Amino acid sequence: MRQLLNMSLLFSTLRLSTPLVLAAIGGLYSERSGVINIALEGLMLAGAFTAASITFYASSPWIGLGAAIVAGVAVAVIIALACIRFKADQVVTGTGINIMFLGLPAVLSGALFLSSGSTPQIPRDQLLPTIYQFLERIRPSVFPDWIPSWRILTDVSLITLIALLVVLFTAYVLNRTPFGLRLRAVGENPEAADAAGVSVNKIRYLGVILSGALAGIGGAYLSIGQSSLFTRNMTAGRGFIALAALIFGKWRPVQTMLACLLFGFADALTIQMQGVAKLPSGEDIPVQFIQMIPYVVTIIVLAGFIGQSRAPKAIGIPYEKER
Amino acid sequence: MKLLREILFPLIAVVAAFIVGGIVVLLIGDSPIQTYKLLIGSAFSWPDGIGYTLFLATPLIFTGLAVAVAFRCGLLNIGAEGQLYVAAFAAAWVGIKFGGVAVAAPGAPPINTPYANLPMLILVPLCCIAAVGAGAIWGGIPGLLKAKFGSHEVINTIMLNFIAVALVSYFTQYHYKIPGDAIMQSAEISPKAHIARLGKFIPGLPERIPLNLAFILAILACIFVYVLLWKTKWGYEIRATGQNPSAAEYGGISIRKQIILAMAISGGLAGMVGINEVLGYRYRYYDGFSANYGFVGIAVALLGRNHPVGVFIAAMLFAILLRGGIFVDAFTMHVSKDIVDMLQGIVIVFVAAEAMFRGPLKKFGLMKKAKV
């Protein structure tokens, strides 16, 4: 066990948690406003594909990242229109979006790049940088010699840092600002919020759109941060793990981040253990059981065995203004 | 009039999805008309087109029915995918363990010595029961969790999907794969557990087309669901729970029991996909075989208005698209078969948001104003 707990495991945990954190916090904005967001997976796929293809054309990860945010927001608007304006079932709509974005990126990449479902490789220097690369690019002189011994601070992706800031910012917004109060009110008791003069649907639109933007960044990180191209279904269920983390984190920002770190750690452990770790009896430890951890934990938490995890009260219910 | 409305909205949703899909096709530089001709027209040739289309429709009928039964009880079963994986593996397991054939890699001692050597007449039903039972248990778990702890079935079924995939892949990889086999698949089931392909009975239909008796089972399942939901006390109680839980409870119906029951029946129906896949098609468990059948089942159920007849028709439609997708891949310049996934997704969104069609319809006087 000891040889497993090393620096590379830590790095890989941070790396694998980053997209989860972004998507889960995205989901938080939507769900705290009362709209279930099963579509995190589809939103991430939209972001990942857009980021990879736009970066390929524009040769700049920042334009790609911006495009991914736009794509996430665009898809979120579709979800919001269906769920808020037309009062569609939120879970069903989300499932539809997920299936749609299994196909659409593959169709588009087939047409744009004549490949079956993936985008061309992007050169390394056009990927989203690590903190070190970023600082070096803007001001090569800021680096004193002692930096390399602090690799943990500089070798992580800039997006990881952004994800952390998003969590702290969200915690602040949610608990200390009027918007946060309104968001929570709309998710818990829309009638009361409405009576107090808050536009329920406007806040919900905003919540869903924010979730699209953040999941879009999460997707972009997958395609132009962690790897260097988009492949078909590259999220591989991360949207759902993010959803699980959101529930495990009781719909609170910091707890949700910790849950993402836990699930990211489980994922990192799976990768490290492949073919390395052995049971005392000399057999391989089946990775499938480690893969299951986040899902089993979520079910147990949801059943109330480890503290109560209570969803926002008005989640899933379209708001009907009384006439 | 009511029937017309039931048919009208799904029809509009499909047409709207095709229009959106057509625009995408146009934008990427192909002819929508030619694409749709391939997509839809490829299903009607005899024997290949029709044979394969019916084969592809079989799992979708099962998962569509599964989602529909849960829906009638007010539950959303997103877990058909996991239920059918567990079920397919269970069917294969019985087929391997009770068929009397020891599995051996060439030159190695046999592994998986069978427990029994059952005759076909017992083995096939036993495999079917295993599939339905495993699906019912996997579906019943979220039902039980909802009934006991009130935890939401949507999240639990999603989680159980992943757990099912991991669990079954573990058993395949570590216990039921022939050593040295590079493909993630189990050993073959006993030949006595095979069910006949329909080519055996229908002249002109070659047996290489995997359409098998499970298709007949799918039709029977449609009838079963209809009778269950509309002709029995159980079905009445399930529907009552779905329509108005508090009224149902007041009327003496145990909601908890109905939730567990509906989820178990739903899981059992989804499990029947395993019969088609393992006993009728591949004769082994093949890891990752499902082409999102469980999720497409949601589209099938919605489009079919959660009615067996509608489910049957919707499953046919999606099977036609799946069949046509292969030809779109081959015979168009740019469009790939992934367009089928895209269209399915768009259909789901349009069916869910059918309210958007109400306004325009009212404008043209096609709907009474009161029915909003």
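The phi angle of Arg305(B) is near 55°, a positive value in a residue other than glycine. With 19 other C-beta atoms within 10 Å, Arg305(B) is partly exposed; a residue is called buried if 20 or more other C-beta atoms lie within 10 Å of its own, exposed if 12 or fewer, and partly exposed in between, with C-beta atoms placed from the backbone. The model is predicted, and local features are therefore described only at a pLDDT of at least 70 and side-chain atom pairs only at 80 or more, whereas totals for chains, interfaces and linings use all residues. Residues are numbered from 1 along each chain as its sequence is written, while chains are lettered from A and ligands numbered from 1 in the order in which they are written.

The confidence of the prediction can be considered next. The model scores an ipTM of 0.87 and a pTM of 0.89. Chain B has an average pLDDT of 89, and 94% of its residues score at least 70, pLDDT being the predictor's confidence in each residue, from 0 to 100. Within chain B, confidence is highest in helix α7 (residues 214-231) of chain B, at a mean of 96, and lowest in helix α15 (residues 355-363) of chain B, at 77.

The secondary structure of chain B consists of 15 helices and two strands. Chain B has a radius of gyration of 22 Å, close to the 21 Å that the globule rule gives for 372 residues, so it is as compact as a globular protein of that length; the radius is taken over C-alpha atoms, and the rule is 2.2 Å times the number of residues to the power 0.38. Of the 372 residues of chain B, 55% count as buried. Among the contacts in chain B between residues at least 6 apart in sequence, 75% join residues at least 24 apart, two residues being in contact if their C-beta atoms, placed from the backbone, lie within 7 Å.

In helix α14 (residues 339-352) of chain B, 14 of the 14 residues are buried, and the helix reaches 20 Å from its first C-alpha to its last, close to the 20 Å expected at 1.5 Å a residue, where the expected span is 1.5 Å times one less than the number of residues. In helix α11 (residues 273-282) of chain B, nine of the 10 residues are buried, among them Val273(B), Ile275(B) and Leu279(B). This helix, α11(B), is followed by Tyr283(B), which has a positive phi, near 60°. Elsewhere in chain B, Trp46(B) and Pro47(B) are joined by a cis peptide bond with an omega of about 0°, and Pro47(B) is placed in the loop between α2 (32-41) and α3 (48-72) of chain B.

In chain A, helix α7 (residues 158-176) has 19 residues that should span 27 Å at 1.5 Å a residue, which agrees with the 26 Å between its end C-alpha atoms. The buried residues of α7(A) are Ile159(A), Thr160(A), Ala163(A), Val167(A) and Thr170(A). They cover an arc of only 105° around the axis, which puts them on the same side of α7(A); the arc is that of the directions from the helix axis to the C-beta atoms. On the other side of α7(A), Leu165(A), Leu168(A), Tyr172(A) and Arg176(A) are exposed. The cover over the buried residues of α7(A) includes α1 (7-32), α10 (200-226) and α12 (253-273) of chain A.

Gly72(A), in helix α3 of chain A, counts as buried, with 33 C-beta neighbours inside 10 Å. Apart from neighbours within four places in sequence, the contacts of Gly72(A) include Leu43(A), Gly47(A) and Gly212(A). Trp251(A), in the loop between α11 and α12 of chain A, has a positive phi of about 60° although it is not a glycine.

Between the two chains, 39 residues of chain A are in contact with 41 residues of chain B. The largest share of the side of chain A that touches chain B, 16 residues, comes from α4(A). By class, this side of chain A has 25 nonpolar, 12 polar and two charged residues, where Ala, Val, Leu, Ile, Met, Phe, Trp, Tyr, Cys and Pro count as nonpolar, Asp, Glu, Lys and Arg as charged, and the others, Gly among them, as polar.

Note on methods: Helices (H or I, at least four residues) and strands (E, at least two) are DSSP runs, numbered from the N terminus.
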